[in-house]
Amino acid sequence: MKKYKLISTGLIASFMAVASLTSCSDYLDVNENPNYPQVTTMEALLPSACASTVAQLGLNGCIIGNMWLQHTTQGNSTNQYNTTVNYSLSVSSYNAFFTNAYANTLPDLKEVIEKAEDAGAWNFWVVGKVLTAYNYQMLTDMYEDIPFTEAIDHDKYPYPKYDDSKTVVYPGILAMLDEAIARKSEASQGTNPTMGKYDMFMGGNITKWIQFAKNMKLKLLMRDFTANKSAIEALLAEDDFLFEDCAMDCFEDANNKGNPLYEYNIRQLNTTQNIRACHTLCEYLITYNDPRIESIYEKVGNASASETDYSVKYEGLPCGFKPSTSIVPLATTSRYYQSYDDPVYLMNEAEINFLVAEAYARLGNAPQAKVYYEAGVQASFNRWGASAGKADSFIVTGGPYAFDATSTDAMLKCILTQKWISYAKANTLDGVFDRNRTGIPAISSAETVRVSYMPQERALTPGYELGTFVAPGTSVLEKTAYPRRLLVPNVSSQYNPNAPQTKALDEPMWWQVAKGK
(Lines give C-alpha, C1' and ligand atoms only; values in the text may rest on other atoms or scores of the structure.)
Protein backbone atom coordinates (compact mmCIF):
# COMPACT_ATOMS: atom_id res chain seq x y z
CA MET A 1 0.00 0.00 0.00
CA LYS A 2 1.25 3.43 -0.89
CA LYS A 3 2.34 5.65 1.99
CA TYR A 4 -0.06 8.57 2.02
CA LYS A 5 1.26 11.95 3.05
CA LEU A 6 -0.86 13.30 5.87
CA ILE A 7 -3.08 16.30 5.25
CA SER A 8 -2.66 16.76 8.98
CA THR A 9 -0.02 15.32 11.30
CA GLY A 10 0.22 13.52 14.60
CA LEU A 11 -1.67 10.54 16.02
CA ILE A 12 -2.31 10.12 19.70
CA ALA A 13 -0.60 7.17 21.27
CA SER A 14 -3.81 5.21 21.67
CA PHE A 15 -4.26 4.94 17.94
CA MET A 16 -0.85 3.39 17.54
CA ALA A 17 -2.34 0.23 19.01
CA VAL A 18 -4.88 -0.06 16.20
CA ALA A 19 -2.97 -2.82 14.44
CA SER A 20 -3.31 -5.03 17.49
CA LEU A 21 -7.09 -4.63 17.47
CA THR A 22 -7.08 -6.95 14.48
CA SER A 23 -6.70 -9.90 16.83
CA CYS A 24 -10.19 -10.76 15.61
CA SER A 25 -8.45 -12.20 12.54
CA ASP A 26 -5.16 -14.04 12.62
CA TYR A 27 -4.23 -13.15 9.05
CA LEU A 28 -2.98 -9.68 10.02
CA ASP A 29 -0.07 -11.25 11.86
CA VAL A 30 1.68 -11.70 8.51
CA ASN A 31 2.38 -7.96 8.30
CA GLU A 32 5.19 -6.51 10.39
CA ASN A 33 3.55 -3.08 10.00
CA PRO A 34 -0.01 -3.40 8.67
CA ASN A 35 -0.22 0.38 8.21
CA TYR A 36 2.41 0.34 5.46
CA PRO A 37 2.91 -3.13 3.95
CA GLN A 38 4.84 -3.22 0.67
CA VAL A 39 2.22 -5.34 -1.09
CA THR A 40 -1.30 -5.68 0.14
CA THR A 41 -4.73 -6.98 -0.78
CA MET A 42 -8.29 -5.98 -0.12
CA GLU A 43 -8.45 -8.90 2.33
CA ALA A 44 -5.73 -7.21 4.40
CA LEU A 45 -6.95 -3.65 3.92
CA LEU A 46 -10.58 -4.16 4.92
CA PRO A 47 -9.99 -5.41 8.48
CA SER A 48 -7.36 -2.72 8.95
CA ALA A 49 -9.99 -0.14 7.96
CA CYS A 50 -12.55 -1.77 10.27
CA ALA A 51 -10.12 -1.59 13.19
CA SER A 52 -9.09 2.01 12.52
CA THR A 53 -12.76 3.02 12.19
CA VAL A 54 -13.33 2.02 15.81
CA ALA A 55 -9.92 3.13 17.13
CA GLN A 56 -11.04 6.72 17.70
CA LEU A 57 -14.79 6.12 17.81
CA GLY A 58 -14.29 3.58 20.60
CA LEU A 59 -11.89 5.77 22.54
CA ASN A 60 -12.27 9.52 22.20
CA GLY A 61 -15.78 9.21 20.76
CA CYS A 62 -16.82 7.39 23.92
CA ILE A 63 -15.05 9.86 26.22
CA ILE A 64 -16.73 12.87 24.61
CA GLY A 65 -20.08 11.13 24.24
CA ASN A 66 -20.18 9.74 27.79
CA MET A 67 -19.34 13.08 29.37
CA TRP A 68 -21.29 15.40 27.10
CA LEU A 69 -24.37 13.18 27.44
CA GLN A 70 -23.78 13.40 31.21
CA HIS A 71 -23.75 9.64 31.63
CA THR A 72 -20.39 10.07 33.36
CA THR A 73 -18.18 12.79 34.77
CA GLN A 74 -14.56 13.22 35.80
CA GLY A 75 -13.70 11.48 39.04
CA ASN A 76 -12.93 13.74 41.99
CA SER A 77 -9.55 12.15 42.73
CA THR A 78 -8.04 12.60 39.25
CA ASN A 79 -7.88 15.09 36.40
CA GLN A 80 -7.63 13.19 33.12
CA TYR A 81 -10.81 14.48 31.47
CA ASN A 82 -11.32 17.86 33.14
CA THR A 83 -11.22 19.83 29.90
CA THR A 84 -13.66 17.49 28.18
CA VAL A 85 -16.32 17.47 30.86
CA ASN A 86 -16.13 21.26 31.22
CA TYR A 87 -16.10 21.88 27.43
CA SER A 88 -12.66 23.53 27.58
CA LEU A 89 -11.59 22.35 24.14
CA SER A 90 -9.03 24.02 21.89
CA VAL A 91 -7.88 23.58 18.29
CA SER A 92 -5.44 20.93 19.54
CA SER A 93 -8.13 18.86 21.27
CA TYR A 94 -8.96 15.44 19.85
CA ASN A 95 -7.01 15.98 16.62
CA ALA A 96 -6.65 12.22 16.34
CA PHE A 97 -10.20 11.95 14.98
CA PHE A 98 -9.07 13.93 11.96
CA THR A 99 -5.64 12.40 11.48
CA ASN A 100 -6.80 8.83 11.98
CA ALA A 101 -9.54 9.17 9.36
CA TYR A 102 -7.58 10.99 6.69
CA ALA A 103 -4.21 9.29 7.14
CA ASN A 104 -5.37 5.73 7.80
CA THR A 105 -9.02 4.73 7.51
CA LEU A 106 -10.09 6.57 4.37
CA PRO A 107 -6.95 5.75 2.34
CA ASP A 108 -7.33 2.08 3.25
CA LEU A 109 -11.00 2.13 2.24
CA LYS A 110 -10.17 3.90 -1.03
CA GLU A 111 -7.80 1.06 -1.91
CA VAL A 112 -10.37 -1.56 -0.89
CA ILE A 113 -12.87 0.01 -3.29
CA GLU A 114 -10.36 0.32 -6.13
CA LYS A 115 -9.02 -3.22 -5.78
CA ALA A 116 -12.52 -4.65 -5.39
CA GLU A 117 -13.73 -2.86 -8.51
CA ASP A 118 -10.76 -4.11 -10.52
CA ALA A 119 -11.42 -7.66 -9.32
CA GLY A 120 -15.21 -7.48 -9.60
CA ALA A 121 -15.39 -8.28 -5.89
CA TRP A 122 -18.59 -6.35 -5.29
CA ASN A 123 -19.10 -7.57 -1.75
CA PHE A 124 -15.83 -5.93 -0.66
CA TRP A 125 -16.77 -2.91 -2.77
CA VAL A 126 -20.12 -2.45 -1.00
CA VAL A 127 -18.61 -2.72 2.48
CA GLY A 128 -15.85 -0.28 1.49
CA LYS A 129 -18.39 2.24 0.20
CA VAL A 130 -20.62 2.02 3.28
CA LEU A 131 -17.70 2.32 5.71
CA THR A 132 -16.35 5.28 3.72
CA ALA A 133 -19.75 6.95 4.00
CA TYR A 134 -19.82 6.22 7.72
CA ASN A 135 -16.41 7.75 8.34
CA TYR A 136 -17.24 10.88 6.38
CA GLN A 137 -20.53 11.20 8.23
CA MET A 138 -18.79 11.11 11.58
CA LEU A 139 -16.24 13.69 10.40
CA THR A 140 -18.78 16.15 9.03
CA ASP A 141 -20.97 15.79 12.11
CA MET A 142 -17.98 16.59 14.31
CA TYR A 143 -16.42 19.39 12.24
CA GLU A 144 -19.16 20.44 9.75
CA ASP A 145 -17.17 21.52 6.63
CA ILE A 146 -14.43 18.98 5.84
CA PRO A 147 -12.11 17.93 3.00
CA PHE A 148 -14.29 15.70 0.83
CA THR A 149 -14.16 16.09 -2.95
CA GLU A 150 -10.37 16.67 -2.92
CA ALA A 151 -9.53 14.40 0.01
CA ILE A 152 -7.29 11.31 -0.15
CA ASP A 153 -5.45 12.40 -3.31
CA HIS A 154 -2.38 14.18 -2.04
CA ASP A 155 -0.53 14.11 -5.37
CA LYS A 156 -3.32 16.00 -7.11
CA TYR A 157 -4.61 17.99 -4.14
CA PRO A 158 -1.82 18.59 -1.62
CA TYR A 159 -3.99 21.24 0.05
CA PRO A 160 -7.54 19.92 -0.23
CA LYS A 161 -10.38 22.38 0.07
CA TYR A 162 -12.97 22.13 2.82
CA ASP A 163 -16.37 21.39 1.27
CA ASP A 164 -19.67 22.75 2.54
CA SER A 165 -21.35 20.18 4.75
CA LYS A 166 -24.94 20.85 3.65
CA THR A 167 -24.55 21.27 -0.09
CA VAL A 168 -21.58 19.00 -0.88
CA VAL A 169 -20.66 16.57 1.87
CA TYR A 170 -24.10 15.33 2.91
CA PRO A 171 -25.31 14.85 -0.70
CA GLY A 172 -22.02 13.10 -1.46
CA ILE A 173 -22.41 10.69 1.46
CA LEU A 174 -26.01 9.91 0.46
CA ALA A 175 -24.79 9.23 -3.09
CA MET A 176 -22.22 6.75 -1.75
CA LEU A 177 -24.93 4.92 0.16
CA ASP A 178 -27.19 4.82 -2.90
CA GLU A 179 -24.31 3.42 -4.97
CA ALA A 180 -23.78 0.68 -2.41
CA ILE A 181 -27.47 -0.18 -2.22
CA ALA A 182 -27.68 -0.37 -6.02
CA ARG A 183 -24.94 -3.04 -6.04
CA LYS A 184 -26.80 -5.44 -3.75
CA SER A 185 -27.45 -8.02 -6.44
CA GLU A 186 -23.86 -8.10 -7.70
CA ALA A 187 -22.46 -8.08 -4.18
CA SER A 188 -24.61 -11.07 -3.22
CA GLN A 189 -23.42 -13.31 -6.06
CA GLY A 190 -21.64 -16.52 -5.11
CA THR A 191 -18.83 -15.66 -7.51
CA ASN A 192 -17.55 -12.96 -5.14
CA PRO A 193 -14.52 -13.87 -3.00
CA THR A 194 -15.25 -14.99 0.54
CA MET A 195 -15.31 -12.06 2.94
CA GLY A 196 -16.11 -13.76 6.25
CA LYS A 197 -13.55 -12.94 8.91
CA TYR A 198 -12.21 -9.92 6.99
CA ASP A 199 -15.43 -8.06 7.80
CA MET A 200 -15.18 -7.37 11.52
CA PHE A 201 -18.70 -5.98 11.84
CA MET A 202 -21.10 -8.35 10.06
CA GLY A 203 -19.02 -11.27 8.86
CA GLY A 204 -19.53 -10.54 5.18
CA ASN A 205 -23.34 -10.56 5.27
CA ILE A 206 -24.20 -8.24 2.37
CA THR A 207 -27.91 -8.20 3.14
CA LYS A 208 -27.11 -6.70 6.53
CA TRP A 209 -24.70 -4.17 5.03
CA ILE A 210 -27.37 -2.99 2.58
CA GLN A 211 -29.85 -2.67 5.45
CA PHE A 212 -27.25 -0.78 7.49
CA ALA A 213 -26.75 1.58 4.55
CA LYS A 214 -30.49 2.31 4.73
CA ASN A 215 -30.19 2.92 8.47
CA MET A 216 -27.53 5.49 7.66
CA LYS A 217 -29.67 7.06 4.94
CA LEU A 218 -32.52 7.54 7.39
CA LYS A 219 -30.18 9.06 9.97
CA LEU A 220 -28.79 11.52 7.43
CA LEU A 221 -32.18 12.41 5.96
CA MET A 222 -33.58 13.10 9.43
CA ARG A 223 -31.03 15.92 9.78
CA ASP A 224 -33.48 17.96 7.68
CA PHE A 225 -36.85 16.29 8.08
CA THR A 226 -38.91 18.90 6.23
CA ALA A 227 -36.71 18.95 3.14
CA ASN A 228 -36.41 15.14 3.05
CA LYS A 229 -39.93 14.17 4.06
CA SER A 230 -40.76 12.30 0.84
CA ALA A 231 -37.51 10.37 0.86
CA ILE A 232 -38.04 9.46 4.52
CA GLU A 233 -41.56 8.23 3.78
CA ALA A 234 -40.21 6.10 0.93
CA LEU A 235 -37.59 4.50 3.19
CA LEU A 236 -40.18 3.78 5.86
CA ALA A 237 -42.50 2.21 3.29
CA GLU A 238 -39.67 0.00 2.08
CA ASP A 239 -39.11 -1.18 5.68
CA ASP A 240 -35.71 -2.74 5.02
CA PHE A 241 -33.65 -1.54 7.97
CA LEU A 242 -31.10 -3.43 10.05
CA PHE A 243 -32.90 -3.91 13.37
CA GLU A 244 -29.87 -5.29 15.19
CA ASP A 245 -26.51 -4.11 16.42
CA CYS A 246 -23.73 -3.24 14.01
CA ALA A 247 -20.67 -3.49 16.22
CA MET A 248 -17.14 -4.82 16.59
CA ASP A 249 -17.21 -7.24 19.50
CA CYS A 250 -14.18 -9.50 19.06
CA PHE A 251 -11.87 -7.99 21.67
CA GLU A 252 -9.54 -10.05 23.86
CA ASP A 253 -8.35 -9.77 27.45
CA ALA A 254 -4.75 -9.02 26.48
CA ASN A 255 -2.65 -5.91 26.27
CA ASN A 256 -3.70 -3.71 23.32
CA LYS A 257 -6.32 -6.20 22.20
CA GLY A 258 -9.30 -5.02 24.22
CA ASN A 259 -11.94 -2.36 23.79
CA PRO A 260 -10.11 0.94 22.98
CA LEU A 261 -11.48 2.91 25.93
CA TYR A 262 -10.78 0.04 28.32
CA GLU A 263 -7.22 -0.23 27.01
CA TYR A 264 -6.57 3.44 27.57
CA ASN A 265 -8.61 4.26 30.64
CA ILE A 266 -8.21 1.04 32.63
CA ARG A 267 -5.17 -0.87 31.39
CA GLN A 268 -2.78 1.93 30.41
CA LEU A 269 -3.35 4.87 32.77
CA ASN A 270 -1.86 5.01 36.24
CA THR A 271 -5.34 5.11 37.77
CA THR A 272 -8.67 3.45 37.12
CA GLN A 273 -10.70 6.06 38.99
CA ASN A 274 -11.18 8.69 36.27
CA ILE A 275 -14.67 8.01 34.93
CA ARG A 276 -17.50 8.08 37.48
CA ALA A 277 -21.28 8.06 37.40
CA CYS A 278 -22.81 11.47 36.76
CA HIS A 279 -25.83 12.64 38.77
CA THR A 280 -27.75 13.42 35.55
CA LEU A 281 -28.22 9.84 34.37
CA CYS A 282 -27.60 8.12 37.68
CA GLU A 283 -30.43 9.94 39.48
CA TYR A 284 -32.80 9.24 36.59
CA LEU A 285 -32.16 5.50 36.70
CA ILE A 286 -32.32 5.35 40.50
CA THR A 287 -35.59 7.29 40.63
CA TYR A 288 -37.29 4.85 38.27
CA ASN A 289 -35.58 1.76 39.72
CA ASP A 290 -34.24 1.03 36.24
CA PRO A 291 -32.21 -2.22 36.16
CA ARG A 292 -30.02 -0.97 33.31
CA ILE A 293 -28.06 0.86 35.99
CA GLU A 294 -26.44 -2.46 36.97
CA SER A 295 -24.69 -2.70 33.61
CA ILE A 296 -23.68 0.96 33.33
CA TYR A 297 -22.15 1.66 36.75
CA GLU A 298 -20.32 -0.32 39.41
CA LYS A 299 -21.79 -0.46 42.89
CA VAL A 300 -20.20 1.87 45.42
CA GLY A 301 -17.28 0.44 47.32
CA ASN A 302 -18.93 0.76 50.73
CA ALA A 303 -22.13 -1.10 49.75
CA SER A 304 -22.59 -4.62 51.06
CA ALA A 305 -22.42 -7.50 48.61
CA SER A 306 -26.08 -8.29 49.28
CA GLU A 307 -27.36 -4.72 48.81
CA THR A 308 -30.24 -4.50 46.31
CA ASP A 309 -31.55 -0.97 46.85
CA TYR A 310 -30.28 1.08 43.91
CA SER A 311 -30.39 4.28 45.94
CA VAL A 312 -27.82 2.75 48.29
CA LYS A 313 -25.96 0.62 45.78
CA TYR A 314 -25.18 3.40 43.26
CA GLU A 315 -24.12 7.02 43.59
CA GLY A 316 -22.87 9.69 41.23
CA LEU A 317 -20.93 12.93 41.27
CA PRO A 318 -22.21 16.36 40.20
CA CYS A 319 -21.59 17.11 36.55
CA GLY A 320 -18.19 18.73 36.09
CA PHE A 321 -17.73 19.56 39.75
CA LYS A 322 -15.23 17.69 41.92
CA PRO A 323 -15.92 17.75 45.65
CA SER A 324 -12.91 16.90 47.79
CA THR A 325 -12.32 13.21 48.42
CA SER A 326 -12.19 14.07 52.12
CA ILE A 327 -15.87 14.97 51.80
CA VAL A 328 -16.94 12.51 49.08
CA PRO A 329 -14.57 9.52 49.30
CA LEU A 330 -14.08 7.26 46.27
CA ALA A 331 -15.81 4.39 48.07
CA THR A 332 -19.06 6.39 48.16
CA THR A 333 -19.44 6.90 44.38
CA SER A 334 -19.80 4.54 41.42
CA ARG A 335 -17.22 3.97 38.74
CA TYR A 336 -18.33 3.66 35.13
CA TYR A 337 -18.54 -0.06 34.40
CA GLN A 338 -15.98 -1.10 31.78
CA SER A 339 -14.81 -4.41 30.38
CA TYR A 340 -12.18 -5.41 27.85
CA ASP A 341 -14.90 -6.98 25.66
CA ASP A 342 -17.30 -4.02 25.50
CA PRO A 343 -18.41 -3.78 21.85
CA VAL A 344 -17.80 -0.64 19.79
CA TYR A 345 -21.02 0.17 17.94
CA LEU A 346 -21.54 1.86 14.60
CA MET A 347 -25.26 1.74 15.33
CA ASN A 348 -27.22 -0.27 17.86
CA GLU A 349 -30.59 -2.00 17.71
CA ALA A 350 -32.30 0.45 20.04
CA GLU A 351 -30.99 3.43 18.05
CA ILE A 352 -32.56 2.38 14.74
CA ASN A 353 -35.89 1.60 16.43
CA PHE A 354 -35.95 5.01 18.08
CA LEU A 355 -34.97 6.68 14.80
CA VAL A 356 -37.88 5.02 12.97
CA ALA A 357 -40.19 5.91 15.88
CA GLU A 358 -39.13 9.55 15.64
CA ALA A 359 -39.76 9.59 11.89
CA TYR A 360 -43.28 8.26 12.39
CA ALA A 361 -43.91 10.73 15.22
CA ARG A 362 -42.90 13.65 13.00
CA LEU A 363 -45.21 12.27 10.30
CA GLY A 364 -48.07 12.24 12.80
CA ASN A 365 -48.41 8.43 12.85
CA ALA A 366 -48.68 7.87 16.60
CA PRO A 367 -49.55 4.12 16.46
CA GLN A 368 -46.44 3.29 14.44
CA ALA A 369 -44.32 5.63 16.54
CA LYS A 370 -45.46 3.74 19.63
CA VAL A 371 -44.60 0.35 18.11
CA TYR A 372 -41.03 1.34 17.33
CA TYR A 373 -40.60 3.33 20.54
CA GLU A 374 -41.49 0.28 22.61
CA ALA A 375 -39.23 -1.90 20.47
CA GLY A 376 -36.42 0.58 21.13
CA VAL A 377 -36.94 0.45 24.89
CA GLN A 378 -37.08 -3.35 24.76
CA ALA A 379 -33.84 -3.48 22.77
CA SER A 380 -32.12 -1.12 25.20
CA PHE A 381 -33.12 -3.28 28.18
CA ASN A 382 -32.29 -6.53 26.37
CA ARG A 383 -28.73 -5.43 25.61
CA TRP A 384 -27.81 -6.09 29.25
CA GLY A 385 -28.09 -9.37 31.07
CA ALA A 386 -29.25 -7.75 34.30
CA SER A 387 -32.15 -5.97 32.62
CA ALA A 388 -32.98 -8.30 29.71
CA GLY A 389 -36.69 -8.97 29.42
CA LYS A 390 -37.62 -6.41 32.08
CA ALA A 391 -38.90 -3.56 29.89
CA ASP A 392 -42.59 -4.58 29.88
CA SER A 393 -43.48 -3.11 33.27
CA PHE A 394 -41.83 0.19 32.30
CA ILE A 395 -43.66 0.73 28.98
CA VAL A 396 -47.17 -0.48 29.85
CA THR A 397 -49.88 2.11 30.37
CA GLY A 398 -49.14 3.75 33.71
CA GLY A 399 -45.50 2.63 33.63
CA PRO A 400 -42.77 5.26 34.03
CA TYR A 401 -41.74 4.97 30.36
CA ALA A 402 -45.21 4.61 28.85
CA PHE A 403 -45.52 6.26 25.44
CA ASP A 404 -47.18 9.67 25.48
CA ALA A 405 -49.03 10.26 22.20
CA THR A 406 -50.88 13.41 23.24
CA SER A 407 -48.83 15.59 20.88
CA THR A 408 -45.86 15.48 18.56
CA ASP A 409 -43.71 17.19 21.18
CA ALA A 410 -44.76 14.66 23.81
CA MET A 411 -43.92 11.76 21.52
CA LEU A 412 -40.52 13.22 20.67
CA LYS A 413 -39.71 13.78 24.32
CA CYS A 414 -40.49 10.13 25.14
CA ILE A 415 -38.54 8.79 22.19
CA LEU A 416 -35.45 10.95 22.56
CA THR A 417 -35.24 10.68 26.34
CA GLN A 418 -35.18 6.90 26.13
CA LYS A 419 -32.80 7.11 23.19
CA TRP A 420 -30.46 9.20 25.37
CA ILE A 421 -30.42 6.40 27.96
CA SER A 422 -29.99 3.72 25.30
CA TYR A 423 -26.75 5.33 24.12
CA ALA A 424 -25.10 4.38 27.42
CA LYS A 425 -22.03 2.30 26.52
CA ALA A 426 -23.15 2.31 22.89
CA ASN A 427 -21.95 4.94 20.36
CA THR A 428 -22.58 7.86 22.71
CA LEU A 429 -21.09 10.33 20.24
CA ASP A 430 -24.16 9.79 18.06
CA GLY A 431 -26.19 10.71 21.13
CA VAL A 432 -24.45 14.09 21.21
CA PHE A 433 -25.41 14.60 17.57
CA ASP A 434 -29.03 13.69 18.38
CA ARG A 435 -29.16 16.12 21.30
CA ASN A 436 -27.89 18.91 19.08
CA ARG A 437 -30.27 18.02 16.27
CA THR A 438 -33.39 17.92 18.43
CA GLY A 439 -32.69 19.88 21.61
CA ILE A 440 -33.66 16.82 23.66
CA PRO A 441 -32.59 16.36 26.41
CA ALA A 442 -33.12 20.01 27.14
CA ILE A 443 -30.64 21.99 29.20
CA SER A 444 -32.04 22.95 32.58
CA SER A 445 -31.85 26.44 33.99
CA ALA A 446 -31.08 24.74 37.30
CA GLU A 447 -27.32 24.60 37.77
CA THR A 448 -27.21 21.22 39.49
CA VAL A 449 -29.24 18.01 39.51
CA ARG A 450 -29.30 17.76 43.30
CA VAL A 451 -29.25 20.29 46.09
CA SER A 452 -26.36 18.43 47.69
CA TYR A 453 -23.39 16.54 46.32
CA MET A 454 -23.12 14.57 49.55
CA PRO A 455 -23.68 10.83 49.07
CA GLN A 456 -27.25 9.65 49.56
CA GLU A 457 -28.67 13.19 49.89
CA ARG A 458 -30.95 12.92 46.89
CA ALA A 459 -33.25 15.95 47.00
CA LEU A 460 -33.42 17.47 43.53
CA THR A 461 -32.62 21.12 42.94
CA PRO A 462 -35.86 23.17 42.75
CA GLY A 463 -36.80 23.58 39.09
CA TYR A 464 -34.71 20.66 37.90
CA GLU A 465 -36.50 18.02 35.80
CA LEU A 466 -35.11 14.50 35.62
CA GLY A 467 -33.75 13.69 32.18
CA THR A 468 -32.48 17.19 31.43
CA PHE A 469 -28.89 18.39 31.36
CA VAL A 470 -27.16 20.88 33.63
CA ALA A 471 -24.14 23.07 33.00
CA PRO A 472 -20.92 21.42 34.21
CA GLY A 473 -19.45 23.06 37.28
CA THR A 474 -16.83 25.24 35.61
CA SER A 475 -18.12 25.36 32.02
CA VAL A 476 -16.42 27.76 29.64
CA LEU A 477 -19.80 28.26 27.95
CA GLU A 478 -22.91 30.06 29.11
CA LYS A 479 -24.96 28.11 31.65
CA THR A 480 -27.52 26.86 29.11
CA ALA A 481 -25.08 26.54 26.19
CA TYR A 482 -23.82 23.22 24.85
CA PRO A 483 -20.90 22.23 22.59
CA ARG A 484 -21.97 21.82 18.97
CA ARG A 485 -18.75 20.83 17.22
CA LEU A 486 -15.08 20.07 17.48
CA LEU A 487 -12.84 22.96 16.50
CA VAL A 488 -10.96 22.92 13.19
CA PRO A 489 -7.86 20.93 14.16
CA ASN A 490 -4.60 22.82 14.21
CA VAL A 491 -2.83 19.85 12.64
CA SER A 492 -4.75 20.78 9.50
CA SER A 493 -4.89 24.57 9.79
CA GLN A 494 -1.13 24.80 10.32
CA TYR A 495 -0.36 22.96 7.07
CA ASN A 496 -3.37 23.47 4.81
CA PRO A 497 -3.99 27.08 3.69
CA ASN A 498 -7.52 26.07 2.66
CA ALA A 499 -8.53 25.20 6.22
CA PRO A 500 -11.26 27.58 7.39
CA GLN A 501 -11.15 29.68 10.51
CA THR A 502 -12.74 27.69 13.29
CA LYS A 503 -16.15 28.63 14.59
CA ALA A 504 -17.05 28.91 18.25
CA LEU A 505 -17.57 25.65 20.13
CA ASP A 506 -21.25 26.41 20.70
CA GLU A 507 -21.99 27.66 17.16
CA PRO A 508 -24.75 25.37 15.76
CA MET A 509 -24.17 23.48 12.53
CA TRP A 510 -26.69 23.75 9.70
CA TRP A 511 -28.74 20.77 10.90
CA GLN A 512 -28.79 21.61 14.62
CA VAL A 513 -31.31 23.47 16.74
CA ALA A 514 -30.58 27.12 17.46
CA LYS A 515 -28.54 28.37 20.39
CA GLY A 516 -30.37 28.21 23.69
CA LYS A 517 -32.23 25.01 22.74
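Asp341 sits in the loop that runs between α13 (310-313) and β6 (344-347); helices (H or I, at least four residues) and strands (E, at least two) are DSSP runs numbered from the N terminus. The model is predicted, so local features need pLDDT of at least 70 and side-chain atom pairs count only at pLDDT 80 or more, while totals for chains, interfaces and linings use all residues. Residues are numbered from 1 along each chain as its sequence is written, and side-chain values use heavy atoms, with hydrogens and water left out.

Asp341 has a relative accessibility of 35% and therefore counts as partly exposed. Buried means under 20% relative accessible area, exposed over 50%, and partly exposed in between (1.4 Å probe, protein chains only). Together with Asp245, Asp249 and Glu349, Asp341 forms a patch of negative charge on the surface. Such patches are made of residues with over 30% relative accessible area and no salt bridge, like charges being joined within 9 Å and nonpolar side chains (Val, Leu, Ile, Met, Phe, Trp, Tyr) within 5 Å.

Helix α1 (residues 42-57) has 16 residues, which at 1.5 Å a residue should span 22 Å; the end C-alpha atoms are 23 Å apart, which agrees. The expected span is 1.5 Å times one less than the number of residues. Of the 16 residues in α1, 15 are buried.

Ala101 belongs to helix α4 (residues 96-119) and is buried, at 5% relative accessibility. Ala101 lies 48 residues from Thr53 in sequence, yet their C-alpha atoms are 7.5 Å apart.

Side chains of opposite charge can pair when their charged atoms come close. The structure has 27 salt bridges, each a side-chain nitrogen of Lys or Arg within 4 Å of a carboxyl oxygen of Asp or Glu. One of them joins Glu238 and Lys214, with the closest N and O atoms 2.4 Å apart. Glu238 is in helix α9 (residues 229-238) and Lys214 in helix α8 (residues 206-221), so this pair ties together parts 24 residues apart in sequence. Glu238 is partly exposed at 45% relative accessibility, whereas Lys214 is buried at 6%.

Asp163 and Lys161 also form a salt bridge, at 3.9 Å from N to O. Here Asp163 is buried, with a relative accessible area of 4%, and Lys161 is partly exposed at 37%. In the salt bridge of Arg183 with Glu186, the closest N and O atoms are 2.7 Å apart; Arg183 is partly exposed at 24%, and Glu186 is partly exposed at 34%. Elsewhere, a network of salt bridges links Glu358, Arg362, Lys419, Asp434 and Arg437.

Technical notes. Accessible areas come from the Shrake-Rupley method with a 1.4 Å probe; for residues, only the protein chains shown count as cover. Lys and Arg count as positive and Asp and Glu as negative; His and the chain ends are not counted. The place of a charge is taken as NZ of Lys, CZ of Arg, CG of Asp or CD of Glu.
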